Amino acid sequence: MDTRPVTVNASHPSEDDRTSLDKEALKRAFLDSLYYVQGKFPALASDADYQLALSYMVRDRMLQRWISTAAAYTAQGARTIAYLSAEFLMGPHLGNNLINLGILPVVREAMTELGLDLDEMLGAEVEPGLGNGGLGRLAACYIDSMATLGLPALGYGIRYEHGIFHQAIEDGWQVEKTDRWLANANPWELMRPEWTVEVRLGGHTERWTDADGREHVRWVGGRVVHGIPYDTPILGYRTNTANTLRLFRAEAPEAFDLDCFNRGDYFGAVNRKTVSENVTKILYPNDETIQGKTLRLEQQFFFVSCALQDMLRIMRTQRLPLERFHEKFAIQLNDTHPAVAVAELMRLLVDEHRMEWLPAWEITRRSFGYTNHTLLPEALERWPMPLFQRVLPRHLEIIFRINGAFLAQVRAAFPGDEALAARLSLIDEHGERHVRMAHLACVGSHTINGVAALHSRLLERDVLRDFHALWPAKFTNVTNGVTPRRFVALSNPRLSALITEAIGDGWLKDLEQLRRLEPLADDAAFRARWREIKRENKRVLAARLLSATGVAADPDSIFDIQVKRLHEYKRQHLAVLHVVDLYRRLCADPGLEIAPRTFVFGGKAAPAYHAAKLIIKLIHSVAEVVNADPAVRGLIKVVFLPNFNVGIGQDVYPAAEVSEQISTAGKEASGTGNMKFAMNGALTVGTLDGANVEIRDAVGADNFFLFGLSVDEVEALWARGYRPQEWLARNERLRGAVELIGSGRFGRGDPQLFRPLLDGLIHHDPYLLFADFDSYVDCQQRVNDAYLDAERWTRMSILNSARSGRFSSDRAVAEYAARIWRAAPVPIRLLSRADMHAGVLQ
């Protein structure tokens, strides 16, 4: 960073320097933040100081909109969306806020005039890793779109002290390092200690009778944890609306026991603080142990209890009667993590506010909507009953009562079908008893939705079949979407500028306007500019790859990219099998000509997921051999980009030419990476799984590389009896790839290194890699052939972008608002400083 003296015209500062978007005012405000917030002058300022000073300057402009928004919502008592999610993977805030304020160009100019590089400042921002992948990123896209659409909304979650781990690679193995996103100041959040709530964990229940002879339940004992809210403004795109992301941190009521300290028990003096703060210490603790399971349940209950108590506080502030809770709030459960909120709202209404059970249940049922995000039965959370009873004794009683009433309804509708009642019950009675959280969410919600058309169909037919038979009208579909502000405008400024030059800038709020690019796919000059931009984006990513891994990627090769969470059903190892097959062919035939290709992988494996971590090791081991072998003539390169996150994704998506979306049909709920790639002009290689189906429908079958078994074909294969050894025996290319891996060629001579992975495929292959291998390598040959025709490829790329409009999160949120939340936009008038002062004086 340039540290030469920074100066600005010494004109008299305007009284609106905190809110003005004028360039000179922005420069003055930036320097004020550097001097008076950071306490630095240029000779001592670091990149982080400049980034924080700029962030505080931007936050001032957001706070005017935030306060104006809060004032309007409070005055109107507006119906409010409460989005409950265990993850909010926001990504870096600064660039997105500059885009949404509409001041990115003027701020870049202002920083340049001050002798500073805006891109370096953006790169200095530490990313809050408060999510694991698609679930948290979807929540972030949705709260961005809620603000852009002017919908009153609150995002509720956990302020983890340590987010998703930092992924280091040591000798090809993933090594998890502590994420320390709070090591420096977080300029975007405001602590709200005055709204602290109490959350009880453990203890027991007591019955008591009031003067009117009514029996009540009191939850007592255990331990109490304080939930302290931290608010982050979430600004809409070029709108006055700024909603709130409210994350809670756990704290002990008394952080320090002086008596213990004075007795010499120094550990005991801080033990309560340590135990309490563990609740929000880390995202997704390893739950292989009972301690890890306990902490996960405590985390989930902690944040939903904090959220619901906060909603009740808002009701009191706005002087709304409790009976209108479901009219004031539309609560969305983002998967099963927050499902315990159903029982907690009942507890708050019945135990704390003395409401009768039936009206409380009606309010609860009418308040919640439930989004299911998985087709994997093991991902539908269940809690062992002894654990649940120990942590949440009152809630187990409430769940028993809900279940009793629900099963009575089931038996009335389907008399004599006890098997159905057992399948629907909130309690799994098979073996050790478990509480079924997805069932609680289904029973306690007015609407259940899937996140892609295929996913919703399979939910209704398979995963939640019995609930659909009971309540078919409860089910609907809302296909996921992503925000084009972050994933095109911010990530791909060159392409954004070209699109805006061609069709205007309305597409950033109405992505369907990209359709107007379609005729330009036949314009040779436009195609040439499109290719130039793609190549420059590839050059940027190549520089990042070289810096992060030492691998030099050729920007003129195909950039074939698969970045996502590591999981066997996502089949990163199928792509590796293709690489190994291609490597064998190049070694065997020195004259083989193919389009040069760089295979880029990225993603994190769960710390306890040993098979996924072995796949990461395999990718690195294959890369080590392939990249160094002169026999491949530089035609293929393999690289694993470590610590993939939102910020890194902003370089990856614009550079991609091939988007690998190769999960086994029927396993992926939706996917959102597929949408980000398509918006940026990448061509999908994919199965008919998740949202791939709708992407193919949208962009056209001729602009999508389809392979693999369909859902129906997968089911038919399993029904006939799938024996992967037979598929291996009759497929010479597949057998050659598997044998080469098993020979130790990629294990530095160790044939046992990848044996667990190979044995799992040869003897089980639950995700049908062997069955789809031929189709996949044939599909990759079609990719190769298409790429050799640059004009054809570019036309396909343009059409992918042009037809991606339906995958905007704005469209998805508008559907939720109309069909599930029944929420309407609220216009916001910006309050002036005089308005705010008048409000204080009233």
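This is a predicted model: local features need pLDDT of at least 70, side-chain atom pairs count only at pLDDT 80 or more; totals for chains, interfaces and linings use all residues.

Helix α23 is largely enclosed by the rest of the structure, because 14 of its 17 residues are buried.

**Helix α23**
- Helix α23 covers residues 610-626 and reaches 24 Å from its first C-alpha to its last.
- This span is close to the 24 Å expected for the 17 residues of α23 at 1.5 Å a residue.
- An α-helix has 3.6 residues a turn, so residues three or four places apart point the same way.

**Residue N97**
- N97 lies in helix α3, which comprises residues 94-101.
- N97 counts as buried because its relative accessibility is 5%, and the cut-off for that class is under 20%.
- When residues up to four places away in sequence are not counted, N97 touches V58, M62, W188 and L235.
- M111 is 14 residues from N97 along the chain, and 16 Å separate the C-alpha atoms of the two.

**Sheet β13-β15-β14**
- An open sheet is formed by three strands in the order β13-β15-β14, with antiparallel pairing.
- Strands β13 (382-384) and β14 (427-428) are the edge strands, each pairing on one side only.
- Two bridges join β14 to strand β15 (residues 434-436) in the antiparallel sense.
- Which residue of β15 is the bridge partner of D428? The partner of D428 is H434.

Technical notes:
Residues are numbered from 1 along each chain as its sequence is written. Side-chain values use heavy atoms; hydrogens and water are left out. Helices (H or I, at least four residues) and strands (E, at least two) are DSSP runs, numbered from the N terminus. Buried means under 20% relative accessible area, exposed over 50%, partly exposed in between (1.4 Å probe, protein chains only). Contact means heavy atoms within 4.5 Å. The expected span of a helix is 1.5 Å times one less than its number of residues. Two strands pair if DSSP finds at least two bridges between them.
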